[in-house]
Amino acid sequence: MPRKEQGWVTFQTSEEERKILEEFCENSQRTKTEILRELVRSLNQHSSLPISPSTKQEKQERQEDDYSQKLEIESNIPKKSLKVSSRNILKGVIKRVVYGAVNSEVTLEIIHKVELTSIITRASAEELELAEGKEAYAVIKSNDIVIARE
């Protein structure tokens, strides 16, 4: 199916504009699609405002403000317990969380001396408020398991 029929939007940008978008995506750990969708949806809120040229700094400040507001809104949403379709759910205690620039390594102790380690995004680890000693679940969804021997 052609992109036009799927709702695709393409446009040209300068190298500088591309770099700005890529840096913003990296800093907010969101995709270009997510950022651009949010931008398009926000146009209704600002449609009555006159459009005037902005400096690079003003644009960056607006983007940071919008991101901060989104985080505040999301954090006020009440959380519900989730039901998960996976049958492989193992409850454990967090033994270690190693935060990286983008990803975090989380180790759960399922039973004494049985540990599972997972790599998740830093944003997810922070959102879940993962910390040593807290309970958490390992949800394993896999179509195949590889077994090996030496």
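How many residues apart in helix 5 are Arg-122 and Glu-126? I found them four residues apart, in a helix that covers residues 122–127, so about one helical turn separates the two.

**Ground rules.** I am working with a predicted model, in which local features need pLDDT of at least 70, side-chain atom pairs count only at pLDDT 80 or more, and totals for chains, interfaces and linings use all residues. Residues are numbered from 1 along each chain as its sequence is written, and side-chain values use heavy atoms, with hydrogens and water left out. Helices (H or I, at least four residues) and strands (E, at least two) are DSSP runs numbered from the N terminus.

**Salt bridges.** I searched the whole structure and got six salt bridges. The term means a side-chain nitrogen of Lys or Arg within 4 Å of a carboxyl oxygen of Asp or Glu.

My opening pair is one of them: the side chains of Arg-122 and Glu-126 form a salt bridge at 2.8 Å, N to O. For exposure I used relative accessible area: buried is under 20%, exposed is over 50%, and partly exposed is in between (1.4 Å probe, protein chains only). Arg-122 comes out partly exposed at 27%, and Glu-126 is also partly exposed, at 42%.

Next I looked at Glu-22 and Lys-32, whose side chains form a salt bridge at 3.4 Å, N to O. Glu-22 sits in helix 2 (residues 15–28) and Lys-32 in helix 3 (residues 32–42), so this pair ties together parts that are 10 residues apart in sequence. I noted Glu-22 as partly exposed at 38% and Lys-32 as partly exposed at 37%.

Then I turned to Lys-91 and Glu-135, which form a salt bridge at 3.3 Å, N to O. Lys-91 belongs to strand 1 (residues 88–99) and Glu-135 to strand 4 (residues 135–140), so the pair links parts 44 residues apart in sequence. Here Lys-91 is partly exposed at 43%, whereas Glu-135 is exposed at 56%.

**Glu-105.** I placed this residue in strand 2 (residues 103–111), and it is partly exposed at 33%. Which residues does Glu-105 touch, not counting those up to four places away in sequence? Taking contact as heavy atoms within 4.5 Å, I listed Arg-96, Val-97, Val-98, Thr-117, Ser-118 and Ile-119. Glu-105 and Ile-119 are 14 residues apart in sequence, yet their C-alpha atoms are 4.6 Å apart.

**Positive phi.** I flagged Lys-113, a residue other than glycine with a positive phi near 65°. Lys-113 is in the loop between strand 2 and strand 3 (114–121), and is exposed at 69%. Glu-129 is not a glycine either, and its phi is positive at about 55°. Glu-129 lies in the loop between helix 5 and strand 4 and is exposed at 54%.

**The core.** A nonpolar core is a set of buried Ala, Val, Leu, Ile, Met, Phe, Trp, Tyr and Cys residues joined through side-chain atoms within 4.5 Å. The largest one has eight residues: Ile-94, Val-106, Leu-108, Ile-110, Ala-125, Leu-130, Ala-136 and Ala-138.

I finished on Ile-94. Leaving aside neighbours within four places in sequence, its contacts include Val-106, Leu-108, Leu-130 and Ala-136.
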